[in-house]
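Please look over the sequence and the structure before reading on.

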Amino acid sequence: MSLTLSDIGRIANLARLELTDAQSETLRSQLNGFFDTVEQMNAVNTTGVEPLAHPTAVIDHVSLRLRPDVVSEPNNREANQQSAPAVERGLFLVPKVIE
């Protein structure tokens, strides 16, 4: 897929952007470069390759660096809510803004 300057103009109009000719050309080359990369990735034969649940699952030394999911901060709710103008049962009260 390759974008033309008229495509860029239409996209800019939809996004409510006002681009100069130089900006349009730069954007066109950047987007076409992105589409070229996607086409290269689509050209790779992935037949028989199982999807990964997590990309680091196949790299042992990276997955070992992930920290364990443990609580590391104490519960400071009371102290944090002292400066709030209104609190009820541990929750911040805010004015209704949508009717």
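## Basis

This is a predicted model. Every value below is computed from it.

## Salt bridges overall

How many salt bridges does a search of the whole structure find? It finds three. Side chains of opposite charge can pair when their charged atoms come close.

## The pair in helix α1

Asp7 and Arg10 meet in a salt bridge through their side chains. The N to O distance is 3.3 Å. Both residues lie in helix α1, which covers residues 5–14. They sit three residues apart, about one turn of the helix.

Is Asp7 buried or exposed? Asp7 is buried, because its relative accessible area is 18% and the cut-off for buried is under 20%.

Helix α2 spans residues 21–42. Glu25 and Arg28 are three residues apart there, so about one helical turn separates them. Their side chains meet in a salt bridge, at 2.6 Å from N to O. Both partners are partly exposed: Glu25 has 32% relative accessibility, and Arg28 has a relative accessible area of 23%. These values fall between the cut-offs of 20% and 50%, which means neither residue counts as buried or exposed.

Ser24 is also found in helix α2. Its relative accessibility is 13%, so Ser24 counts as buried. Which residues does Ser24 contact, leaving aside its neighbours within four places in sequence? They are Leu5, Ile8 and Leu19.

## The Glu88 and Arg89 pair

Glu88 forms a salt bridge with Arg89. The closest N and O atoms are 3.7 Å apart.

Glu88 is partly exposed, at 40% relative accessibility. Arg89 is exposed, with a relative accessible area of 76%.

## A nonpolar surface patch

Which residues make the nonpolar surface patch? Val87, Phe92 and Val94 make it. The patch has an area of about 300 Å².

Val94 is found in the segment after β2, a strand that covers residues 91–92. Val94 is exposed, with a relative accessible area of 68%. Patch residues need over 30% relative accessible area, so Val94 passes that cut-off.

Definitions and conventions. Residues numbered from 1 in each chain as written. Predicted model: local features only at pLDDT ≥ 70, side-chain atom pairs only at ≥ 80, totals over all residues. Heavy atoms only, no water. Patch = residues over 30% accessible without salt bridge, like charges linked within 9 Å, V, L, I, M, F, W, Y side chains within 5 Å. Areas by Shrake-Rupley, 256 points an atom, 1.4 Å probe, with all protein chains shown as cover. Salt bridge = Lys/Arg side-chain N within 4 Å of Asp/Glu carboxyl O. Helix = DSSP H or I, 4+ residues; strand = E, 2+ residues; numbered from the N terminus. Buried < 20%, exposed > 50% of the residue type's maximum accessible area, 1.4 Å probe, protein only. Contact = heavy atoms within 4.5 Å.
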